[in-house]
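Trainee: I'd like to learn how to read a few features off a model. Could you walk me through them?

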Amino acid sequence: MVKRTNYLRCEFESFSRNEALARALVSSFAIQLDPTVSELTDLKCAVSEAVTNSIVHGYRDCVGKIIMTMCSYDDRRIKIEIRDKGVGIENIEKAMEPLYTTDAENERSGMGFTVMESFTDKLRVRSAPGRGTKITLIKKLTPM
């Protein structure tokens with residue numbers, strides 16, 4: 001049976017400067033498992049994209065709360081959830097298509113979910129219009 005070895009929950013406002021905070025938090029949390037530099041970089045990049053999505057798309061014209069939780073497990077998995085109570089995503093399948101964006105006028109590339117997927121072992125997106133979005137990122141670190 002896989003056991004949880006650590007847990008952290010934090011909440012911060014959807015200011016763009018807090019994207020760096022989220023990266024630092026996931027780095028500090030993951031370092032306890034002695035990841036490779038590449039694994040740490042992957043986690044930071046995936047979290048950065050998830051938090052940026054909440055800031056830019058979830059809370060388009062307002063400031064709201066972003067909740068980030070991180071769990072580590074004795075099988076060297078890390079699960080990170082990024083939640084917002086923003087506008088939500090109408091069509092998740094469409095939103096996850098590479099190059100699709102709802103913010104083309106601000107030069108968004110539409111690659112956020114693609115980046116998250118490529119840097120993690122599992123990506124799950126749950127969302128409802130008007131209720132917000134929860135992104136779950138799971139990364140299995142190499143055995144020690």
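Trainee: Let's begin with cysteines: why is the sulfur of C71 too far from the closest cysteine sulfur for a bond?

Mentor: In general, a disulfide is a covalent bond between the sulfur atoms of two cysteines. The cut-off here is a pair of cysteine sulfur atoms within 2.5 Å. The sulfur of C71 sits 12 Å from its closest partner, that of C10, so a bond is out of reach. Bear in mind that this is a predicted model, where local features need pLDDT of at least 70, side-chain atom pairs count only at pLDDT 80 or more, and totals for chains, interfaces and linings use all residues. Residues are numbered from 1 along each chain as its sequence is written, and side-chain values use heavy atoms, with hydrogens and water left out.

Trainee: How many disulfides turn up in the whole structure?

Mentor: A search of the whole structure gives 0. C45 is in none either: its nearest cysteine sulfur, that of C10, is 18 Å away.

Trainee: Is C71 buried or exposed?

Mentor: The scale goes by relative accessible area: buried is under 20%, exposed is over 50%, and partly exposed is in between (1.4 Å probe, protein chains only). C71, at 7%, counts as buried, while C45, at 22%, counts as partly exposed.

Trainee: Which residues have the most contacts inside the largest nonpolar core?

Mentor: Such a core is a set of buried Ala, Val, Leu, Ile, Met, Phe, Trp, Tyr and Cys residues joined through side-chain atoms within 4.5 Å. The largest one has 30 residues, and V47, V51, M68, I80, I82, F113 and L137 have the most contacts inside it. Helix 2 gives the largest share, 7 residues; helices (H or I, at least four residues) and strands (E, at least two) are DSSP runs, numbered from the N terminus.

Trainee: What is V51 in contact with?

Mentor: Contact means heavy atoms within 4.5 Å. Leaving aside neighbours within four places in sequence, V51 touches F12, E19, A22, I66 and I82.

Trainee: Where is D34, with its positive phi?

Mentor: D34 is in the loop between helix 1 and helix 2, and its phi is near 55°, in a residue other than glycine. D34 is exposed, at 51% relative accessibility. R76, with phi near 70°, is in the loop between strand 2 and strand 3, but R76 is buried at 11%.

Trainee: Which ring does R17 lie over?

Mentor: A charge sits over a ring if NZ of Lys or CZ of Arg is within 6 Å of the ring centre and within 35 degrees of the ring normal. R17 lies over the face of F15, 4.4 Å from the ring centre, and R77 lies over Y73 at 4.5 Å.
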